[in-house]
Amino acid sequence: MEPTTELDARFSAENAAATPWAEAREQLENAETYWLSTVRADGRPHVTTLLAVWQDGALHFCTGAEEQKARNLETNPNCVLTTGASALHEGLDLMVEGAAERVTDQGTLKRLADAWEAKYTSEWHFDVGDGVFVNVAGGEALVFAVAPAKVLGFRKGDYAQTRWRFR
């Protein structure tokens with residue numbers, strides 16, 4: 001599904017053009033690290049870095065059930081995944097807003113485990129257990145999908161802010 005694309009002129013250079021969704025999607029597919037922002041039960045923010053895989057129109061990540069991000073998502077599934085460059089005058093920063101949903105389907109988990117290893121090498125090999133990833137040490141990880149509700153892109157250098165809305 002192709003999103004609606006809008007340039008926000010308030011935060012863009014005079015002759016800026018909206019970034020095409022294909023370029024943003026490619027960066028979401030190829031980025032190595034992402035930042036996940038969630039909200040704790042008491043309302044305080046929580047941010048952590050993690051790995052993710054773009055598949056079936058969503059970003060997927062995994063976490064141990066006892067980790068803070070998993071506990072946060074139990075009470076509030078709304079989150080933001082961010083990736084980009086730390087450079088000031090070049091690159092494209094992306095923020096994916098959506099609700100994290102558990103992935104438990106065995107076939108989907110197997111495809112995701114294969115995608116993790118293809119992207120991050122055998123260092124990130126997962127087997128599939130009962131609705132979870134299982135690592136080589138036997139630890140289990142919950143898997144979540146975040147289908148974008150909205151994505152914001154901030155192009156640096158030729159400064160342009162693009163918004164992609166999904167239905």
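Mentor: Start with a cut-off: a residue is buried under 20% relative accessible area, exposed over 50%, and partly exposed in between. The model here is predicted. Now ask away.

Trainee: Is Ser37 buried, partly exposed or exposed?
Mentor: Ser37 has a relative accessible area of 25%. Buried needs under 20%, and exposed needs over 50%. The value falls in between, so Ser37 is partly exposed.

Trainee: In which strand does Ser37 lie, and which residues does Ser37 contact?
Mentor: Ser37 belongs to strand E2, residues 34-39. Set aside the neighbours within four places in sequence. The contacts of Ser37 are then His46, Val47, Cys79 and Val80.

Trainee: How far apart are the C-alpha atoms of Ser37 and Glu123?
Mentor: Along the chain, these two residues are 86 residues apart.

Trainee: Let's step back to the whole chain. How many helices and strands does the chain have?
Mentor: Count each kind in turn. The chain has three helices. The strands number 12.

Trainee: Why is the chain called as compact as a globular protein of that length?
Mentor: The globule rule gives 15 Å for 167 residues. The chain comes close to that value, so it is as compact as a globular protein of that length. Its radius of gyration is 17 Å.

Trainee: What does the C-alpha trace span along its principal axes?
Mentor: There is one extent for each principal axis. The C-alpha trace spans about 55 × 40 × 30 Å.

Trainee: What share of the residues counts as buried?
Mentor: The cut-off is under 20% relative accessible area. Apply it to the 167 residues of the chain. The buried share is 44%.

Trainee: Among contacts between residues at least 6 apart in sequence, what share joins residues at least 24 apart?
Mentor: Begin with contacts between residues at least 6 apart in sequence. Then keep the ones that join residues at least 24 apart. Their share is 62%.

Trainee: Which residues have the most contacts inside the largest nonpolar core?
Mentor: In soluble globular proteins, nonpolar side chains tend to be buried together. The largest nonpolar core here has 43 residues. Those with the most contacts inside it are Trp21, Tyr34, Leu59, Phe61, Leu81, Trp116 and Phe133.

Trainee: Which residues does Phe61 touch?
Mentor: Leave out residues up to four places away in sequence. Phe61 then touches Leu36, Leu50, Leu51, Ala52, Leu73, Leu81, Ala100, Trp116, Leu142, Val143, Phe144 and Val146.

Trainee: Is Met95 buried or exposed?
Mentor: Met95 is found in strand E7, residues 92-103. Its relative accessible area is 18%. The cut-off is under 20%, so Met95 is buried.

Trainee: How far apart are Met95 and Val80, C-alpha to C-alpha?
Mentor: In sequence, Met95 and Val80 are 15 residues apart. Met95 also touches Val80, with Lys150 another of its contacts. From C-alpha to C-alpha, Met95 and Val80 are apart by 6.4 Å.

Trainee: Which residues does Lys150 touch?
Mentor: Lys150 lies in strand E11, residues 150-155. With a relative accessible area of 22%, Lys150 is partly exposed. Leaving out residues up to four places away in sequence, Lys150 touches Met95, Val96, Glu97, Arg163, Trp164, Arg165 and Phe166.

Trainee: What separates the C-alpha atoms of Lys150 and Glu140?
Mentor: Along the chain, Lys150 and Glu140 are 10 residues apart. Their C-alpha atoms are separated by 30 Å.

Trainee: Is Thr48 buried or exposed?
Mentor: Thr48 is in strand E3, residues 45-50. Beyond its neighbours within four places in sequence, its contacts are Tyr34, Trp35, Leu36 and Lys69. At 19% relative accessible area, it falls under the 20% cut-off, so Thr48 is buried.

Trainee: What is the relative accessibility of Thr19?
Mentor: Thr19 sits in the loop between strand E1 (4-7) and helix H1 (21-30). Thr19 counts as buried. Its relative accessibility is 2%.

Trainee: What is the phi of Asp56?
Mentor: Asp56 is in the loop between strand E4 (53-55) and strand E5 (58-63). Asp56 counts as exposed, at 56% relative accessibility. Asp56 is not a glycine, yet its phi is positive, at about 55 degrees.

Trainee: And what is the phi of Thr121?
Mentor: Thr121 is placed in the loop between helix H3 (106-120) and strand E8 (127-128). Thr121 is partly exposed, at 46%. Thr121 is not a glycine either, and its positive phi is about 75 degrees.

Note on methods
Residues numbered from 1 in each chain as written. Predicted model: local features only at pLDDT ≥ 70, side-chain atom pairs only at ≥ 80, totals over all residues. Heavy atoms only, no water. Helix = DSSP H or I, 4+ residues; strand = E, 2+ residues; numbered from the N terminus. Rg over C-alpha atoms; globule rule 2.2 N^0.38 Å. Buried < 20%, exposed > 50% of the residue type's maximum accessible area, 1.4 Å probe, protein only. Contact = heavy atoms within 4.5 Å. Core = buried A, V, L, I, M, F, W, Y, C linked by side-chain atoms within 4.5 Å.
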